[in-house]
Each structure stands twice: as C-alpha cells, then as structure tokens.
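Subject: The structure for you to look at

Hi! Here is the structure I promised you. Have a look at it first, then read on for what turned up.

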Amino acid sequence: MESRQSILIVDDEAGPREALNMILKPFYGVYNATDGNQAMDMIRKTDLDMVILDLKMPGFQGTDILREIKKEKNQIEVVILTGFGSLKTAVDAIRLGAADYLLKPFNVAEIISVINRILAKKKQRDQMTDFLNELGGMVGYDSTLEEVRHSLTNKPALIGYLKEVFEQVMEPGDMVQPGNHLEFVRVLSETLENKDPFTHGHSSRVNYYSNLLAQKMTLSQAELRDLQVGAYLHDIGKLGVDTKIIYKEGSFTRQELLLMRRHPEIGVDLVTPIGLSQNVVSIIRHHHEFYNGTGYPDGLKGDAIPVLTRIVSTSESFDAMVTDRPYRKALPLKEIVDELKQCAGVQFDPDLVRLLLEIIEEKGEEILPKRFQAPRSVTA
Ligand SMILES: [Fe+2]
C-alpha cells in the first residue's frame, strides 16, 4: 500500500492543535509539536511532507522556523496558521516560501481543500522527481537502445504513471495551465536535452515557434495539445543514441550518421508502451521528413506528412538556424529569411514558410532567442 503523506502541526495552543488532528488524521500521518525547538527537532529527524505552522508562539518564532525549513528542507510544504489580525504576517510568510495560510477560527472544508490541494501537487512533484532521477540514470549512461528499452519496459509503475500523465495532457477541453502535467513533459524534455548541451532549451523554443505558427492556422484544442506534447518530445529518441556521437564536433562517419538518424524510430519505440496519440507519434517519427520526399525515415512527401509534424519540423529547423551549433554560429535574420525561401517546397511546406515569414516580418529580431546562454555543463 502506498504510504500516507505526513504532516507536522506546530502550535502552542492545544485547541487548534486538537482540531487539526481530528480533521487530518483520517487522511494523513500527523505529528505534533508545541514549541519551536521541538518543531525544529522533528523537522530534522522526521520525513515530512508538510508543516502547519502557528506564527505566534513563545520563543522560537514561526517565521524563523519557516526560514529554517526553506533553508534546510525546502521540499517540505509550509502552511501558516493565522488570525484575521495578523493577515499581513501571513502574506509576508508566503513571500518567504509558505504555500498558503489558514485563518483561525477554522473552517473545516477550507482546511481540507487547501491541504489536499497542496499535498496532491507535492505528490505529483515527488513522483516526477523520482521518475526523472530514474530517467536521468538511464540518460546518464551510454546505454544501448536495448538497455534503455529494457529499463523502461521493466518499470510497469513508471509506464503506468507516464500513461496517466499523458492521458491527462491529452484530455481535450480544459486549457493548459502552468504547473499541470504539461510541466512534466517540459521537465522531461529538459532532462533529455541535458544529454546534448547544444540543444539546451531547444524543445521549449520549438514549442514556442510551433505555437506561433498554430495561431495563424485553424487547429482544434486537441490538435494544439498534441502539437505541444510533440514539440517537447520530438527528439526523445536521442535517449537511445550514444552520447559520444551526440557530442561529436566535426562531421559524422557514415556509421555514426546512420545511428543518429535512427533517433525518430527509437523515439517511437520508447513511447509505444505509453500509448500516445497518433499525432504525437507521427511528430516523433516524421519530424525529419522533407516536403519533397527526400527526408527520413520513410521518405514521406507533401501532405502525406501530417500537418502537425510539418509544423514541428519547420519550427525545429528554424530553431537550428537561430541558435549556435557546434559547427557554426547562429545565422543573421536576413540569411535565415533567404534560406527559408530557398527551402520552401524542398525541405519545408511552402504554406508554412509563408506563415513563418509573416511572423518574422511582424516580430523582427524579437523572434530570436536571447543571445545566448552558454550551454549548461553536463553532469551525466
Ligand atoms: Fe530530431
């Protein structure tokens, strides 16, 4: 059975403490502390998810405890207890990193909803961190595709979780909010990018340019969502490509080129157990197809390349032009415009090039990424 999340209640007054115990014990593991010293002791020794903290106590002040928690154990969520008279202190506490505050006298429904919301979010974040640590372990090694696939398929819990994540991302209807599962996809893609310092931020920028193009087209909510997920995950197959090849400066041998060019198929293999939508799978498999049919892996031509995929491949190549690469500097905007025109109908869908040129016309230099953070150091 999954272990319960745990909460420490810190209040010198017995009344509120008892009330909170009664409300929270059916759902969570609950600990109590009656003063600051006892609280700090328990915070250091116990594995806690949340501290509910009275700000006004004799001795060790609530705000000091809050500061200590944020310094020593930042992953613990803190909720402040306060009366109407000291609302300003509560607001200050939120500035110091508290997640929310509860007003005395208590409103039971409000307490449950505030605490459930914060702890549900924390659980999600913890799962994501675990997942990324596991994934980071895999990304860090020069694993063969077989090993990566083996590690993934051998973790049914992980696959189940990813499935759940993507189904929620896919759920049509509600707007994408920051902090929901799309955030997960974003962090996942950043983890992948750690494997290749020169593409740091690439997926976010591809998502940004894809979105600019999408705004000039008529796409459904579900298609917009697929486009976002696809933009973030299009290069997931690089997980299965040897880091030495990805880092290589200078030209690839034929053998290396063949391996590099397998990343779209590897990507599809990796996401197959998750059951992503067909649109997203197409983006992953076909983002290196050329409009004239000379791309890879399948040599698809023209409208046979799904439209969302054409958007991502145009955006991806545009991003390659506007950023520095190991083998050349970013191109000036004027040259980029010329190159886009030349490649219309060859590499890119001419209609999308026309839209992209409109966007460049409207935004000018503003469309270029801020020049340019040095690649992050790679710890893998
Ligand atoms: Fe790619």
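Both faces of strand E3 are covered: Met50, Ile52 and Asp54 on one side are buried, and so are Val51 and Leu53 on the other. In this email, "buried" takes 20 or more other C-beta atoms within 10 Å of a residue's own, "exposed" is 12 or fewer, "partly exposed" is in between, and the C-beta atoms are placed from the backbone. That makes five buried residues out of five in E3, which spans residues 50-54. In a regular strand, side chains alternate between the two faces of the sheet.

Before going further, keep in mind that this is a predicted model: local features need pLDDT of at least 70, side-chain atom pairs count only at pLDDT 80 or more, and totals for chains, interfaces and linings use all residues. Residues are numbered from 1 along each chain as its sequence is written.

Now the sheet around E3. Helices (H or I, at least four residues) and strands (E, at least two) are DSSP runs, numbered from the N terminus. On that basis the chain has 17 helices and five strands. Five strands form an open sheet in the order E2-E1-E3-E4-E5, with parallel pairing; two strands count as paired if DSSP finds at least two bridges between them. Strand E2 (29-33) and strand E5 (100-104) are at the edges with a single partner strand each, so one side of each has no neighbour in the sheet. From one strand to the next, the twist averages 20°.

Here is how some of the strands pair:
- Strand E1 (residues 6-10) runs parallel to E3, joined by four bridges, and Leu8 has Val51 as its bridge partner in E3.
- E1 also pairs with E2 in the parallel sense, over five bridges, with Leu8 opposite Tyr31.
- E3 pairs with strand E4 (residues 77-83) over five bridges, again in the parallel sense, and Leu53 stands opposite Ile80.

How does the chain get from E3 to E4, and what is the handedness of the crossover? It passes through helix H3 (residues 62-72), in a right-handed β-α-β crossover. Right-handed here means that, with the strands pointing away from the viewer, the path from the first strand over the helix to the second runs clockwise. H3 lies across E1, E3 and E4, at about 160° to E3. Angles run from 0 to 180 degrees between N-to-C directions, and axes are lines fitted to C-alpha atoms, for helices over the stretch in contact.

Next, the cores. A nonpolar core is a set of buried Ala, Val, Leu, Ile, Met, Phe, Trp, Tyr and Cys residues joined through C-beta atoms within 7 Å. The largest has 30 residues, and Leu213, Val280, Ile284 and Ile311 touch the most other members. Several helices supply at least two residues each to this core, including H9 (202-215), H10 and H14 (278-286). A second, separate core has 28 residues, among them Ile9, Met50, Ile76 and Ala98.

Is Val229 buried or exposed? Val229 is buried, because 27 other C-beta atoms lie within 10 Å. Leaving out residues up to four places away in sequence, Val280 touches Asp226, Val229, Gly230 and Leu233; contact means C-beta atoms, placed from the backbone, within 7 Å.

Finally, the whole chain: 32% of its 380 residues are buried.

Enjoy exploring!

Terms used
Two residues are in contact if their C-beta atoms, placed from the backbone, lie within 7 Å.
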